[in-house]
Amino acid sequence: MPKITLSTQKLDDNFHKIMKHIMIDTPRDKLCKVLGVSESCLYKHIRQPELVKLGELRALRKTGRITDEQILAMVREER
């Protein structure tokens, strides 16, 4: 049976774009405090979006730094 690989490059690109936008508006230390992660962990999550936890997305949404549409753009492709 052939292997099936799901391409997540577009989703990863959306995540990078949204996080860069958030980091422009929010100082790193404040963003780390909101997310409850260290600075090195923040950059690791930016490099590897699959490591981001649901609680971190919820924290961003709760503080108004990210919209529902942006969260959906991170987890599903538009058709």
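**How do we know?**

Q: Which residues of α3 are called buried?
A: In this predicted model, the buried residues of α3 are L42, H45 and I46. The word applies to residues with under 20% relative accessible area.

Q: How do you know where around α3 these buried residues lie?
A: Look down the axis of α3: its buried residues fall within an arc of 100 degrees, so they line one face of the helix.

Q: What covers the buried residues of α3?
A: The cover includes α1, α2 and α4.

Q: Why is Y43 called partly exposed?
A: Y43 lies in helix α3. Its relative accessible area is 29%. Buried would need under 20% and exposed over 50%, with partly exposed in between, so Y43 counts as partly exposed. Leaving aside residues up to four places away in sequence, Y43 touches M23 and R28.

Q: How do you know that the span of helix α1 agrees with its number of residues?
A: Helix α1 covers residues 9-25, which is 17 residues. At 1.5 Å a residue it should span 24 Å, and its end C-alpha atoms are 25 Å apart, so the two agree.

Q: What makes one face of α1 the buried one?
A: L11, D12, F15, I18, M19 and I22 are buried in α1. Seen down the axis, these buried residues fall within an arc of 130 degrees, so they line one face of the helix. The face turned away from that side carries the exposed residues K17, K20 and I24. Among the elements covering the buried residues of α1 are α2 (28-35), α3 (39-47), α4 (54-62) and α5 (68-75).

Q: How are α2 and α4 placed, and what meets what?
A: Their axes come within 9 Å and cross at roughly 120 degrees. L31, V34 and L35 in α2 meet E56, A59 and L60 in α4. The residues of this contact divide into five nonpolar, no polar and one charged.

Q: What elements make up the protein chain?
A: There are five helices and zero strands. Of its 79 residues, 28% count as buried. Among contacts with a separation of 6 or more, 56% come from residues 24 or more positions apart.

Conventions: Residues numbered from 1 in each chain as written. Predicted model: local features only at pLDDT ≥ 70, side-chain atom pairs only at ≥ 80, totals over all residues. Heavy atoms only, no water. Helix = DSSP H or I, 4+ residues; strand = E, 2+ residues; numbered from the N terminus. Expected span 1.5 Å × (residues − 1). Buried < 20%, exposed > 50% of the residue type's maximum accessible area, 1.4 Å probe, protein only. Arc of directions from axis to C-beta. Contact = heavy atoms within 4.5 Å. Axes fitted to C-alpha atoms, helices over the stretch in contact; angles between N-to-C directions. Nonpolar A, V, L, I, M, F, W, Y, C, P; charged D, E, K, R; others polar.
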